[in-house]
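The sequence and structure are shown first.

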Amino acid sequence: MESRHKAAMTCKIRVARESDAADISAVILRALRESNARDYSPEIITRVEPSFSPSAVLELMGKRVVFVAIIASRIVGTASLDGEVIRTVFVAPDVQGQGVGRRLMAEIELAARKGGVKVLTVPSSLTAEAFYARLGFRTVRDSYHGEERTIIMQRALT
């Protein structure tokens with residue numbers, strides 16, 4: 001338990017910079033290949049990967065507020081806010097379960113509240129459903145892209 005708190009305490013959250021795109025891409029691709037691969041077929045992972053190349057991440061950064069989590073100058077996580085929708089929440093597999101995702105979500109919620117958002121929506125992977133549920137998100141419906149299932153979850157900001 002001590003190491004869990006240490007990671008969260010030493011973790012710094014800041015708005016992403018263009019120069020972070022390659023590191024953000026690397027974190028997302030590692031999480032997809034190592035964590036999400038438990039819940040999704042290799043075909044789905046392969047189809048999703050190009051959406052998170054460094055150039056694709058750079059493009060997303062122009063459309064959303066993107067945050068990064070940093071431990072000892074290494075980017076270990078990312079999350080973004082696209083209006084009322086939380087997107088691309090990924091934490092490096094070696095630091096998952098240590099509070100990094102929770103810290104990113106707190107920053108997202110703060111930004112959403114400042115923006116006047118009343119209800120946050122997150123399209124969750126099967127892999128992250130329990131994480132979002134622990135943060136108070138409730139399942140609204142399932143969404144399918146071919147055989148890829150995404151769970152649409154929401155939480156009111158009251």
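The model is predicted, so local features need pLDDT of at least 70 and side-chain atom pairs count only at pLDDT 80 or more, while totals for chains, interfaces and linings use all residues. Residues are numbered from 1 along each chain as its sequence is written, and side-chain values use heavy atoms, with hydrogens and water left out.

Helices (H or I, at least four residues) and strands (E, at least two) are DSSP runs, numbered from the N terminus. Two strands are taken as paired if DSSP finds at least two bridges between them. Strand 3 (residues 74-82) is joined to strand 4 by five bridges, and the two run antiparallel. Seven bridges connect strand 2 with strand 3, again in an antiparallel arrangement.

| Hairpin | Residues between the strands | Residue with positive phi |
|---|---|---|
| Strand 2 and strand 3 | two residues | Ala72, about 50° |
| Strand 3 and strand 4 | two residues | Gly83, near 70° |

Burial is assigned by relative accessible area: buried means under 20%, exposed over 50%, and partly exposed in between (1.4 Å probe, protein chains only). Seven of the nine residues of strand 3 are buried, so the rest of the structure largely encloses this strand. Strand 4 (residues 85-91) is likewise largely enclosed, because six of its seven residues are buried.

In helix 4, the buried residues are Ala56, Val57, Leu60 and Met61. Viewed down the helix axis, they fall within an arc of 145°, so they line one face of the helix; the arc is that of the directions from the axis to the C-beta atoms. The face turned away from this buried side carries the exposed residues Ser55 and Glu59. Cover for the buried residues of helix 4 includes helix 2 (21-34), strand 2 (65-71) and strand 4.

## Nonpolar core

In soluble globular proteins, nonpolar side chains tend to be buried together. A nonpolar core is here a set of buried Ala, Val, Leu, Ile, Met, Phe, Trp, Tyr and Cys residues joined through side-chain atoms within 4.5 Å. The largest such core has 50 residues, and those with the most contacts inside it are Ile86, Val100, Tyr132 and Phe137. Helix 2 supplies the largest share of this core, seven residues. Apart from residues up to four places away in sequence, Val100 touches Cys11, Ala69, Ile71, Val76, Val91 and Val95.

## Aromatic pairs

Rings of Phe, Tyr and Trp (its six-membered ring) pair if their centres lie within 6.5 Å; planes under 30 degrees apart count as stacked, over 60 as edge-to-face and the rest as tilted. The structure holds three aromatic pairs. In the pair of Phe52 and Phe90, the ring centres are 5.7 Å apart and the planes are at 65°, so the pair is edge-to-face. Phe52 lies in the loop between helix 3 (42-48) and helix 4 (54-61) and Phe90 in strand 4, so the pair ties together parts that are 38 residues apart in sequence. Both Phe52 and Phe90 are buried. Ring pairs also link Phe131, Tyr132 and Phe137 into a cluster.

Ser124 belongs to strand 5 (residues 119-124) and is buried, at 0% relative accessibility. Beyond its neighbours within four places in sequence, Ser124 contacts Glu129, Tyr132, Thr150, Ile151 and Met153.

Thr139 is located in strand 6 (residues 138-145) and is partly exposed, with a relative accessible area of 46%. With residues up to four places away in sequence not counted, Thr139 touches Glu129, Ile151, Ile152 and Met153. The C-alpha atoms of Thr139 and Arg102 are separated by 18 Å, and the two residues are 37 residues apart along the chain.

Terms used. Contact = heavy atoms within 4.5 Å.
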